[in-house]
Amino acid sequence: GSVMEIIEHVLTPEEFRLLKRLVFDRASHQQVAQEFAISVYASQKRLERIRDKLYTVFPERKRRRRKK
């Protein structure tokens, strides 16, 4: 499957939406927190948990920091 299919399979629908907003749409934690009716802290924590989940599935992604 494609990377997106794998990600969608690993995450809950809510996590997937959060990831999409933050990473693909480049929304800020502030924006996302308002949209999801959660705190900015909760948004940051969720993204951390999502990243941890994804590193389990894509271990090769962990070390490489992409240049902006």
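Which residues of helix 3 (residues 29-36) are buried? Select Val32, Ala33 and Phe36, which are the buried ones, where buried means under 20% relative accessible area and exposed over 50%, with a 1.4 Å probe and protein chains only. They cover an arc of only 105° around the axis and therefore lie on the same side of helix 3, the arc being that of the directions from the helix axis to the C-beta atoms. On the other side of helix 3, Gln30 and Gln34 are exposed.

This is a predicted model, in which local features need pLDDT of at least 70 and side-chain atom pairs count only at pLDDT 80 or more, while totals for chains, interfaces and linings use all residues. Residues are numbered from 1 along each chain as its sequence is written, and side-chain values use heavy atoms, with hydrogens and water left out.

Next, show helix 2 and helix 4, against which the buried residues of helix 3 pack. Helix 2 (residues 13-24) and helix 4 (residues 40-57) pack at an angle of about 105°, with axes 10 Å apart, and they are therefore roughly perpendicular, a term for angles of 65 to 115 degrees. Their contact (heavy atoms within 4.5 Å) includes Leu18 and Leu22 of helix 2 and Ser43 and Leu47 of helix 4.

Finally, select serine 43 in helix 4, which counts as buried because its relative accessibility is 0%. Its side chain makes a polar contact with the side chain of histidine 29 at 2.7 Å, a polar contact being a pair of N or O atoms within 3.5 Å, of which, within protein, one must be able to donate a hydrogen and the other to accept it, and residues adjacent in sequence count only if both atoms are side-chain atoms.

Terms used
Axes fitted to C-alpha atoms, helices over the stretch in contact; angles between N-to-C directions. Helix = DSSP H or I, 4+ residues; strand = E, 2+ residues; numbered from the N terminus. Parallel < 35°, antiparallel > 145°, perpendicular 65-115°, else oblique.
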